[in-house]
Amino acid sequence: MRTLPPRLLLIISAAFAGVVMITLVLLSAAGAVDPIAAAQLAVSVLTLAAAAVIVAAVRRTDGKALRIDARTKREEAALTRAEHGLAQLAATLDGLTGRLEEAGLRQSRVVLAALGEDRMELTAQAERLSQLASAVSRVDATVRESAGDLEDLRKLRHDHEQLARTVLSAVRDLDERLDTLGGAVRDGQADLARSARHNYAQLEALIDLRALLQPRAPLPRLRGWAASPDVLRLLIERIAVDRAKIIVECGSGSSSIWLGYAVQQFGGGRVVALEHDERFAEASRDLVLAHGLQDVVEVRHAPLASWTPGGQAAGRTGEEPGTPQEGPTGPDGGETFPWYDTSALDDVTGIDLVFVDGPPGNTAPLARYPALPVLLPRCADEAWFVLDDTDRPAEREVADRWLREHPELTGAAYPAEKGAMVLRRNPR
Ligand SMILES: C[S@@+](CC[C@H](N)C(=O)[O-])C[C@H]1O[C@@H](n2cnc3c(N)ncnc32)[C@H](O)[C@@H]1O
């Protein structure tokens, strides 16, 4: 038969005791039960309840003891199993230890063998490293050498840059020079073209002259120090057209011959050529003789003498020919010019044509100025004055001054090679 659990027994006992006690109190209070009997009954009930509690407590203690015992037994069995397991484990461990030792030994042998191989490998690697180190040191040396080369290269580049700058500046210089040269070439071309035009004009004039006149001997050179064909043609035209008979020439030379032929051919007359230099006077006379013009051309040696405007000639300068002498201002403050000794013209009047081509410019600043004031009074009314070389400033000034001082004259520029000015008295 199953017994009640101690805790339930305890609860039931306590509940029963409680119910009995409450019932007895209620019955006693109601007077249904004698209080004393109720008290005795209550004590009995309580005793029974106490006994039931004790029984329940004992049973509970027993139950616990039984459970502890059972647990102890289970733990003992577990311990036994554990001991058995441990023993088995120990045996297994022993076996394992043996196998591990063997494996350790084998492994050691393998490791040792491997270490031997590694040592060899390491030695080889060390060898390779050493080779590598020497290669690196060679590379280092090469790098250092290359650094030196690089420095050389840098210097070379610097030199090249400097050279390039020099070349560039030389090229610029050359460019400027080429520009200048280009300008010079253009100027030269213009000069050449001008010169070609002049040459053609002179050739044309020479052909005209040769067609008009027939020289009997080789003719002296024209142009340069001598008159040019174009101005000679102008003079010969005047002789041919105006039948000029008395011609005075300042400065003898080639022109004296051409003028002589013209006078001889166109109506007759004479040429008086003034020459300050004895040697050139002689040379010109020789030319005149060579051409058989001695009856037409008279070369007069007229040394330079001081001439004062409005006055008489003051006498010879006493200087060597060609030496620059006094200018417009003389020692006494008045204007004096070295000019041909005017006594060479004493017998010359009624002049039709004057060719002013001397004295040379190196004898005085306005060397040709006296020609007009000296000769104009000896000229015919219709006379012509031709001043050569008016492209030169001195001769231009001479012409300007003549025109300023002689309002009775008219001047016209003639486009000759060296420039010329033609002057005449104004028609009345
Ligand atoms: C401009 S030249 C002209 C001479 C002259 N009217 C002529 O056309 O041949 C003037 C002066 O040059 C000088 N002269 C003359 N013959 C010369 C020559 N062969 N070489 C250098 N000068 C000369 C003379 O003193 C002359 O008076």
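Gln202 is buried, with a relative accessible area of 3%. That places Gln202 under the 20% cut-off for a buried residue. The model is predicted.

**Gln202 and its surroundings**
- Gln202 belongs to helix H2, which covers residues 35–212.
- Setting aside neighbours within four places in sequence, Gln202 is in contact with Arg223, Ser228, Pro229, Asp230 and Glu417.

**The largest pocket**
- The largest pocket has a volume of about 470 Å³.
- It is lined by 24 residues, and those closest to its centre are Trp225, Gly251, Ser252, Asp357 and Pro360.
- Two elements each give two or more residues to this lining: helix H4 (254–265) and helix H5 (278–290).
- H5 gives the most, with four residues.
- By class, the lining of the largest pocket holds 10 polar, eight nonpolar and six charged residues.

**A cis peptide bond**
- The peptide bond that runs from Gly358 to Pro359 is cis.
- Its omega is near -5°.
- Pro359 sits in the loop between strand E7 (351–356) and helix H6 (371–375).

**Positive phi at Arg243**
- Arg243 is not a glycine, yet its phi is positive, at about 55°.
- The residue is located in the loop that joins helix H3 (229–242) and strand E1 (246–250).
- Is Arg243 buried or partly exposed? Arg243 is partly exposed, because its relative accessible area of 44% falls between the cut-offs of 20% and 50%.

**Positive phi at Asp389**
- Asp389 also has a positive phi without being a glycine, with a value near 65°.
- Its place is the loop between strand E8 (379–388) and helix H7 (393–405).
- Asp389 is buried, because its relative accessible area is 6%, under the 20% limit.

How values were computed:
Residues are numbered from 1 along each chain as its sequence is written. This is a predicted model: local features need pLDDT of at least 70, side-chain atom pairs count only at pLDDT 80 or more; totals for chains, interfaces and linings use all residues. Side-chain values use heavy atoms; hydrogens and water are left out. On a 1 Å grid over the protein atoms alone, a cavity is a set of points where a 1.4 Å probe fits but cannot get out, and a pocket is an open set with protein on both sides within 12 Å along at least five of seven lines; lining residues have an atom within 4 Å of a point. Grid points are joined across faces, edges and corners, and a volume is the space filled by probe spheres set on the points. Ala, Val, Leu, Ile, Met, Phe, Trp, Tyr, Cys and Pro count as nonpolar, Asp, Glu, Lys and Arg as charged, and the others, Gly among them, as polar. Buried means under 20% relative accessible area, exposed over 50%, partly exposed in between (1.4 Å probe, protein chains only). Contact means heavy atoms within 4.5 Å.
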